[in-house]
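The sequence and the structure are shown first, and the description follows.

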Amino acid sequence: MRSGAVAQLLLAALVLSRFGVGTLAATRTRAGSAAKSGTGRTVLDPSTRSAASRSARHTYTLVDTVRGGTQPGEQLVTPAGILAMPDGGFMVADTNASRILRFNSTGRLQYLCTTAEPGGRLLKPIGLALDDTGAGRLYVISANSQTVQVRDLQCQWITQWVGSAAASIARLFSQPSGICGYTSGYAFVTDRTWNLALEMDPTGEAVLQLSPTGTEAGDPLAYQRLGPSCAGGRFASPAGCAMLGNSVFVVDTLNNRIQSFDAILGGSFTEAFGTVGDSPGRFDRPTALAAGPVSLFIVDSGNQRVQEIDELGDPLSTFGGPGLLQAPAGIAVLEEGGQAARVLVSDAARGEVLVFQRVEGSALPSPPPSPPPAPPSFPKCRPVEEGTEFEGGDIRNGLINGVRTPAECCGLCFARPECAAYSLDRSSRQCMLKAAVGWRRTSTSSVASAQLLWPRPATCAPRQPGVYLHGCIIQSPDAGTDIGGIGRAAAAGQASSTPTSRALGITGVDASWQECCALCAATAACAGFTRYFDARKGNHACQLVAAHIYEVVQVSSLPAGQLQRRYGVPAWWESFESYAAPLDGVPEPPPPPPYVAYQSSTLNASTRAGAAVDGNYTTFSSTAAQVKPWWAVDLQSVQRVASVTLTLPFTADAAALMRDVEVRVGQTLPGGGAAVDSINATPPGGVCSSSRGQLTRQAGAVFQLRCFPGPKQGRLVTVYIKSPAGRKDVLQIAELAVQTA
């Protein structure tokens with residue numbers, strides 16, 4: 001473990017020599033002696049930022065696929081993490097095959113590392129990272145493991161990281177989900193269960209927790225287990241990480257964003273960018289990222305694509321898409337001549353590594369030298385209220401210096417998921433981000449304020465009985481925002497006679513569905529609400545949630561007490577009903593087609609087969625636990641089926657359940673004596689798609705299963721799980737769409 005001023009200076013010298021010279025004036029040292037300034041962020045001139053982004057944009061095209069070796073048993077099964085090697089080759093973690101494959105620069109298999117290797121057992125690896133010290137140490141994380149294995153480059157076991165000297169927790173990790181090498185043998189590890197991101201030294205000792213202000217060894221809150229949160233510097237299921245320049249970037253999966261932290265002397269939060277959506281710069285459950293020389297490449301798994309962004313979050317390129325990627329999992333960048341020449345993307349459903357190559361000469365034309373380019377517009381805020389200052393609702397670490405225009409301030413607010421409004425003082429160039437408007441105060445002409453634009457529910461339909469929305473909770477405009485992400489009483493605060501207090505149930509007066517809907521429509525950051533009955537007060541109340549909804553919880557499907565233990569909901573809350581607004585950038589679901597759906601069994605009344613084709617992504621079908629559960633849809637006429645797109649529900653175990661999936665097309669419905677694995681097996685129908693192992697590790701994932709080698713003809717599409725003898729499975733589907741040829 002590092003300690004002392006000399007060690008800190010030596011570390012700073014090592015990092016600066018590797019990543020380039022940077023300023024230390026505004027960073028926080030490990031000893032905490034340097035000054036803090038706002039959020040630690042530098043606000044750049046928008047015109048400079050725009051010009052730099054335009055000159056760096058490129059496109060990428062698919063040039064090759066890597067499936068493994070040429071001998072039997074050498075083909076990839078479910079490739080996940082990828083690691084670029086210094087010689088131009090790469091390594092792939094093949095999760096369900098419990099092995100690591102090493103390829104040379106041409107994609108030829110060099111050797112396999114399997115469970116038969118001496119030392120610790122190699123079981124379901126999902127992530128890889130490389131030590132930069134020249135010692136040739138390979139870091140490996142595995143699915144459902146509480147360790148980080150350290151191996152040499154031939155995969156021989158050296159040691160493993162399993163614990164910490166910190167007395168606050170019994171084990172350091174619960175479920176590592178991402179790892180990236182830093183410098184001098186140090187590495188960053190993320191944990192999706194405890195929502196942590198830790199810096200580890202070469203001996204496996206945790207020395208730093210990435211957080212809003214950085215948490216060092218010896219701090220009272222060192223390595224604290226955390227619930228999901230949308231606050232800046234906090235996480236909801238963090239995944240991959242990567243180093244670029246002086247920062248470590250972390251994928252914040254359920255918050256649909258990327259966060260950056262000072263990696264030199266602090267570990268404190270500096271920037272967050274992205275939110276949910278399908279437009280450039282927005283994400284749908286991102287899972288992994290890799291750094292190129294000057295940009296980041298993010299696996300945008302829900303959108304089945306890869307996005308390239310610069311270190312400030314500006315989108316540079318998008319490639320892949322549903323036509324190429326089904327379940328993208330890992331990513332690596334191979335550099336040539338200081339450029340990201342090739343991008344490798346593993347696809348767990350296809351069992352391949354796809355190789356995308358940079359298209360030369362694809363940079364966008366530079367803007368003309370005159371007139372100078374205008375600052376980018378941010379049409380995400382309401383009209384500016386000149387001479388007005390919003391009081392109350394300040395976000396922690398939300399004061400940002402050096403901001404000159406309302407457009408800049410609006411953009412900074414848009415980048416913070418808990419932000420709903422801002423007030424800017426042009427004279428001092430200070431932008432104050434706010435979770436709520438609070439109240440308005442007349443100020444000088446140099447002050448300007450505005451609210452963020454969010455979807456405005458009109459009728460709050462559909463109404464979802466028995467559903468609780470788990471996410472970032474907005475309590476009330478005068479109580480601020482609960483950015484802890486844990487379900488707490490929305491009725492906290494002082495009783496008053498305001499409409500807000502009435503709708504939130506603070507006054508003890510019953511809040512109607514219409515009042516909850518109106519309050520959500522009038523609250524800038526509201527993306528939905530849960531109405532419930534408070535048995536202690538004897539009235540209904542509503543709890544508002546912001547854009548990041550972690551899970552749509554079917555209360556009736558939970559065991560007794562699970563809603564309180566897992567989601568922190570008070571035991572006296574009853575009779576839930578919810579509404580979730582469609583988010584900006586995410587299109588309204590299409591009207592449901594006139595399909596008829598069937599399934600082998602039904603878990604309960606709210607998980608009927610038709611829930612998978614009702615156009616509502618917050619409901620889902622579910623069978624009971626059984627051998628070879630199936631779900632089928634009648635297309636009403638014979639069709640040529642090209643592919644099937646599956647969306648998983650946001651339940652805690654949905655991803656784990658989706659394994660060994662097969663899709664068949666034909667004329668026969670399973671049941672009535674017809675075994676699901678014996679029907680619809682011959683042309684013009686037949687097996688459309690068949691996969692081994694777990695398709696994805698992410699709840700709510702969207703992936704496309706294409707018919708191979710071409711379309712299959714039939715009226716019925718059947719999805720089932722190929723349960724081995726003695727295993728019972730559950731099949732859950734949020735939405736299923738059939739693509740015809």
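## A residue pair at a sheet edge

Glutamate 385 has serine 449 in S32 as its bridge partner. Strands in this report are DSSP runs of E with at least two residues, numbered from the N terminus. S26 and strand S32 (residues 447-451) run antiparallel and are joined by two bridges; two strands count as paired if DSSP finds at least two bridges between them.

These strands belong to an open sheet of five, ordered S26-S32-S29-S30-S28, with antiparallel pairing. Its edges are strand S26 (385-386) and strand S28 (394-401), each of which pairs on one side only. In general, strands of a sheet pair through backbone hydrogen bonds, in either a parallel or an antiparallel manner.

## Basis of the description

The model is predicted: local features require pLDDT of at least 70 and side-chain atom pairs count only at pLDDT 80 or more, whereas totals for chains, interfaces and linings use all residues. Residues are numbered from 1 along each chain as its sequence is written, and side-chain values use heavy atoms, with hydrogens and water left out.

Strand S45 (residues 712-721) is largely enclosed by the rest of the structure, because eight of its 10 residues are buried. Buried means under 20% relative accessible area, exposed means over 50%, and partly exposed lies in between (1.4 Å probe, protein chains only).

S45 pairs in the antiparallel sense with strand S41 (residues 630-647) over eight bridges, and tryptophan 631 stands opposite valine 719 in S45. Strand S42 (residues 661-666) also pairs with S45 in the antiparallel sense, over six bridges. Here, glycine 666 has leucine 716 in S45 as its bridge partner.

## Nonpolar cores

A nonpolar core is a set of buried Ala, Val, Leu, Ile, Met, Phe, Trp, Tyr and Cys residues joined through side-chain atoms within 4.5 Å. The largest has 30 residues, and those with the most contacts inside it are Trp631, Val633, Val641, Phe703, Val717 and Leu736. Two or more residues each come from S41, S42, strand S44 (702-706), S45 and strand S47 (735-740). S41 gives the most, with six residues. Apart from this core lies another, of 18 residues, among them Ile126, Ala129, Phe173 and Leu226.

Leaving aside neighbours within four places in sequence, valine 633 is in contact (heavy atoms within 4.5 Å) with residues including Tyr595, Val613, Leu716 and Val738.

## Tyrosine 598

Tyrosine 598 lies in strand S39 (residues 596-599). This tyrosine counts as partly exposed because its relative accessibility is 32%.

Methods:
Helices (H or I, at least four residues) and strands (E, at least two) are DSSP runs, numbered from the N terminus.
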